[in-house]
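Me: I have a structure open on my screen and would like to learn how to read it. Could you take me through its features one at a time?

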Amino acid sequence: MAAAYSTGLLELWKKGLELSPTGDQCPMCEADTLTPAKRAELAERLNDNAARFAKSAELGTAINAAKGRVVELTSRLDEFGGARISADEADQLSNLFGDRGPDLATFNEKAETFTRLGATIREKLAAATTFLNRCAADLEQAENAPRVVADARTINENIQQQSAAAAGAFPEYTEAWQAFSPKLYVLISSTEFVARIDAVGKTLRTEPSMRVLDQYDKVLKETQVLIRAVEQEMQTRQEHLLTTRGAEVKDLYDRLNRGADVLFEEMEPGTDTMRLHATSFGTRMSAAANLSECQLNCLGLAMWLMRATTPASPFGFVLLDDPVQSMDDDHTEAFISDIVPHLLDGCGKQVIVLSHVKRIAERLRDLNTTRPTKLYHYESYDRAGPSITEQVALKMLVAEIKGASRGNEQNRKYSVDRIRVLVEHFVRELYLNVNGAPVPPKYDQATAKDLLPVFQTITGATPQEHAGLRDTVKFCDPAHHTEVGYAVPIQSNIQPHIDRLEGLIKKYGM
């Protein structure tokens, strides 16, 4: 006797064999489980249940046909209308008919009966749809068949009974309406009623203007809501932006004020203005009213640099015109040694600094010898414009040393020390020019004596040149100057070392 399987399972097996007519791979789990033996077993099960499978298909067709019939009946029932009269409508009819209420009562009774029967039929049709939706699932279990058959018979009988009742009530409703409608027309055509309708008509004639005013009011309200939403969004974004950019301003300000007791705290957005807050020994205060001129200049510079380094900026450079005005020496040094490297390395910007203070220009040059740094000088200014010349660091140092060597004892001593500095710059720049990279990091703080081995590694450097540099470094050695009986060299002793370095600078095209 053939085993009974659910229709869904039979459908699954059939579909699996159709999807994979050959091979061992199961189309469902992709494992090699669909062997010839398994195919034969499934085919046998499908054969044994072929009759049941066919009956299931017939049942599905019948259910779909029945569902279509229910939809059709519901659609036709909707054509009859028969909407129930609301309480307000009933009151209006009662007021209109007054003492002729019996005429209205007779019509209301017939209309109510027909409307109620129509609603009952709709309920029965809805129950039939629910039954049809679960019918196939219920019949998967054979023991449910008697109940399903009984339910189908009951639903059919209920629909027929209610349909017959509604069919009998419809003529009565029609007759009641035919008797009631002339009396209704007489009432609504009376002088009083026409006057009431005319009053309504006058009101309706002003409807376009009323609609315009109503739409204007709606647009005004929606605009106010939109404005508030935009303001709130702008406030939220501004707060987020100022929090982020405020942290950048604080970082820049702190770089300029290492160890200070007065610190910048935050930027606070306002409706028309922006408030800046600082702290002093933990006390919050207005930045504008309490910071010194130097601190305010640091804060203004920090805010400008924050904007200049924004990721959205299309510029790859930062131009600073006399950025250290009103700053003391400590803040100026912080700008030179911290802010400028931050702009170069942290922000990837080219930095252009304009200053009339020679010390600042030289300090920037000396701290950035490993970078492609250029120093320009305004020689003069006339009608044709400024005369600008590039100041090469080595040549400037040579000129400075020559001038000092012709002076008094203190100037000559200075020139000897600057020769040592010139040796350091010469070796570093020569190494960079020849090798295309600065000297190794371990020589970042190296003295002229420490750089002599680096000079020996440079292509083209001769032993004679190395020996000459070593002699010059020894001549300038600060420790040598502290020996007992040391005297500051005169110009004739200094000049050979200047000539030696000038010769090297010329030879290597520097």
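Me: Is Phe335 buried or exposed?

Reply: Burial is judged from relative accessible area: buried means under 20%, exposed over 50%, and partly exposed in between, using a 1.4 Å probe and protein chains only. Phe335 has a relative accessibility of 0%, so Phe335 counts as buried. One caution before we go on: this is a predicted model, in which local features need pLDDT of at least 70 and side-chain atom pairs count only at pLDDT 80 or more, while totals for chains, interfaces and linings use all residues. Residues are numbered from 1 along each chain as its sequence is written, and side-chain values use heavy atoms, with hydrogens and water left out.

Me: Where is Phe335 found?

Reply: Helices (H or I, at least four residues) and strands (E, at least two) are DSSP runs, numbered from the N terminus. Phe335 belongs to helix H11. You can look at Leu397 in the same way: Leu397 sits in helix H13 and is buried, at a relative accessible area of 1%. From Leu397 to Val421 there are 24 residues in sequence and 8.6 Å in space, C-alpha to C-alpha.

Me: How many disulfides does the structure have?

Reply: A disulfide is a pair of cysteine sulfur atoms within 2.5 Å. A search of the whole structure finds zero of them. Take Cys294: the closest cysteine sulfur, in Cys298, is 4.5 Å from its own, which is too far for a bond. Cys298 is likewise in no disulfide, with the sulfur of Cys294 as its nearest cysteine sulfur. Cys294 counts as buried at 12% relative accessibility, and Cys298 is buried at 0%.

Me: Which residues other than glycine have a positive phi?

Reply: As a general idea, most residues other than glycine have a negative phi. Asp322 has a positive phi, near 50 degrees, and Ser326 has one of about 65 degrees. Asp322 lies in the loop between strand S4 (317-321) and helix H11 (329-346), and Ser326 is found in the loop between S4 and H11 too. Asp322 is buried, with a relative accessible area of 19%, whereas Ser326 is partly exposed at 40%.

Me: How many aromatic pairs are there?

Reply: Rings of Phe, Tyr and Trp (its six-membered ring) pair if their centres lie within 6.5 Å; planes under 30 degrees apart count as stacked, over 60 as edge-to-face and the rest as tilted. The structure holds three such pairs. In one of them, the ring centres of Phe315 and Phe317 are 5.9 Å apart and the planes stand at 65 degrees, so the pair is edge-to-face. Phe317 is partly exposed, with a relative accessible area of 38%. Another pair joins Phe426 and Phe455, with centres 6.2 Å apart and planes at 40 degrees, so it is tilted. This pair links distant parts of the chain, from Phe426 in helix H14 (residues 409-435) to Phe455 in helix H15 (residues 448-457), 29 residues apart.

Me: Which residues of the largest nonpolar core touch the most other members?

Reply: In soluble globular proteins, nonpolar side chains tend to be buried together. A nonpolar core is a set of buried Ala, Val, Leu, Ile, Met, Phe, Trp, Tyr and Cys residues joined through side-chain atoms within 4.5 Å. Here the largest core has 33 residues, and Leu422, Phe426, Val427 and Leu469 touch the most other members. The elements that give two or more residues to this core are H13, H14, H15, helix H16 (463-476) and helix H18 (491-507). H14 supplies the largest share, nine residues.
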